[in-house]
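Please read them with the structure open.

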Amino acid sequence: MGAGRVFAYGAAAGLIGDLLLGDPRRGHPVAAFGRAAGAVERVLWRDHRGWGALHTAVCAGGAVALGSVAARAVRPSAVASVALTAAATWAVVGGTSLAREARTIGRALEAGDVEAARARLPHLCGRDPQALDADGMARAVVESVAENTSDAVVGALVWGAVGGVPGLLGFRAVNTLDAMVGHKSARYRRYGWTSARLDDLAGWPGARLTAVLTVLAGPDPRGAVRAWRADAAQHPSPNAGPVEASFAGALGVRLGGTLSYGGRVEHRPVLNTRGRAVGTYDVERAVGLSKRVTWLALGVCAGARLLMSARSSNRGK
């Protein structure tokens, strides 16, 4: 069985596994990686970019090396290769848990239980829930669903199509490191610089594919394209900008504006200024759009991998 079919079958099985099982409450591989990365940080941390780059190389490089060794070990068996790809895909994607958390908050908001929604919001994003009213929390959820559709699903599938199991694990490692040390706090401004820049680079293709698929899968394709073109570049993140802007345009809502993270206030530009304010019912609409984008991304990435494998086989003849 060729590498293209191995990835296509394995990625599809992994996404179905995520749909059926979601993330385990204990013993998640990404959590284990996070603990290992934290241990490495305790040994290496210095307020210096060079030490941060070493931390990134050790952790992300270790994940890629582990994936390479595992893929090489099972290569003689097509069944084992598909199973490994499925397990790696299930481990690194998080679409089901993303939808579950978003819907939990959405149901609380629809029931008028603002305090329950505030208690749950930190499970989904880093916003300060005490600074948000019901509509503000709904907007935070929609933005998180949009961004994590790219980070937790589409980006992983893109790098899986490019690099197989090492690509899947490497992307998730880079994304996790960015979440751990890539923010601009006093401790990580220099130490996390490499992780943040590498995450920007690794996330670039997945973010653009997510935006394109949002245009195709959303209820307002023209609105998605218009908001993407007009507003994405104003976002401080080069990858969250296209994704959140296209989601905003597709759903007909305004995203962005004033945000609060642990007492730190950011004033971000509004995305899709023609849209209306986010309502609690938009949470379910965003989750539905995220799911459609996910399955379209599987088709695109699996098809691209099959095409690359076919061309490689033809050149070898």
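This is a predicted model: local features need pLDDT of at least 70, side-chain atom pairs count only at pLDDT 80 or more; totals for chains, interfaces and linings use all residues.

The points below go from the overall fold to single residues.

1. The protein chain has eleven helices and two strands. From the N terminus the order is α-α-α-α-α-α-α-α-α-α-β-β-α.

2. **Overall size.** The C-alpha atoms fill a box of roughly 60 × 45 × 35 Å along the principal axes. The radius of gyration is 20 Å. A compact globule of 317 residues would come near 20 Å, so the chain agrees with that expectation.

3. **Burial and contacts.** Buried residues make up 50% of the 317 residues in the protein chain. Take the contacts with a separation of 6 or more: 71% of them join residues 24 or more positions apart.

4. **The nonpolar core.** Which residues touch the most other members of the largest nonpolar core? They are Leu121, Val141, Val145 and Leu157, out of 66 residues in that core. Helix 7 gives the largest share, 20 residues. Leu121 deserves a look of its own. Beyond its neighbours within four places in sequence, Leu121 is in contact with Ile105, Arg127, Pro129, Leu132, Met137, Ala140 and Val141.

5. Ser144 is in helix 7. Its relative accessibility is 5%, so Ser144 counts as buried. Setting aside neighbours within four places in sequence, Ser144 is in contact with Leu98, Leu124 and Cys125. Val165 lies in helix 7 too. Val165 is buried, at 6% relative accessibility. Not counting residues up to four places away, Val165 touches Gly67, Leu84, Thr85 and Ala88. Val165 and Leu84 are 81 residues apart along the chain, yet their C-alpha atoms are separated by 7.6 Å.

6. **The aromatic pair.** How many aromatic pairs does the model hold? The count comes to one. Trp45 and Tyr191 form this pair, which is tilted, with 6.3 Å centre to centre and 40° between the planes. Trp45 lies in the loop between helix 2 (29-44) and helix 3 (49-74), and Tyr191 in the loop between helix 7 (134-181) and helix 8 (193-217), so the pair ties together parts that are 146 residues apart in sequence. Trp45 is partly exposed, at 27% relative accessibility. Tyr191 is buried, at 0%.

7. **Charges over rings.** The charged end of Arg187 sits over the ring of Trp45, 4.5 Å from its centre. There is also a charge over Trp51. Here the charged end of Arg46 sits over the ring, 4.7 Å from its centre.

8. Helix 9 covers residues 221-231, and Gly223, Ala224, Ala227 and Asp231 are buried in it. Why do these four count as lying on the same side of helix 9? They cover an arc of only 100° around the axis, which puts them there. An α-helix has 3.6 residues a turn, so residues three or four places apart point the same way. On the other side of helix 9, Arg222 and Arg229 are exposed.

9. Most residues other than glycine have a negative phi. Asn272 is not a glycine, but has a positive phi of about 65°. Asn272 is placed in the loop between strand 2 (264-271) and helix 11 (282-315). Is this residue buried or exposed? At 5% relative accessibility, Asn272 counts as buried.

10. **Distances to check on screen.** Thr258 is in strand 1 (residues 255-261). Thr258 is partly exposed, at 44% relative accessibility. Thr258 and Gly136 are 122 residues apart in sequence and 9.7 Å apart in space, C-alpha to C-alpha. Gly34 is found in helix 2 and is buried, with a relative accessible area of 17%. The cut-off for buried is under 20%. Gly34 and Ala78 are 44 residues apart along the chain, and their C-alpha atoms are separated by 30 Å.

How values were computed. Residues are numbered from 1 along each chain as its sequence is written. Side-chain values use heavy atoms; hydrogens and water are left out. Rings of Phe, Tyr and Trp (its six-membered ring) pair if their centres lie within 6.5 Å; planes under 30 degrees apart count as stacked, over 60 as edge-to-face and the rest as tilted. Buried means under 20% relative accessible area, exposed over 50%, partly exposed in between (1.4 Å probe, protein chains only). A charge sits over a ring if NZ of Lys or CZ of Arg is within 6 Å of the ring centre and within 35 degrees of the ring normal. The arc is that of the directions from the helix axis to the C-beta atoms. A nonpolar core is a set of buried Ala, Val, Leu, Ile, Met, Phe, Trp, Tyr and Cys residues joined through side-chain atoms within 4.5 Å. Contact means heavy atoms within 4.5 Å. The radius of gyration is taken over C-alpha atoms; the globule rule is 2.2 Å times the number of residues to the power 0.38.
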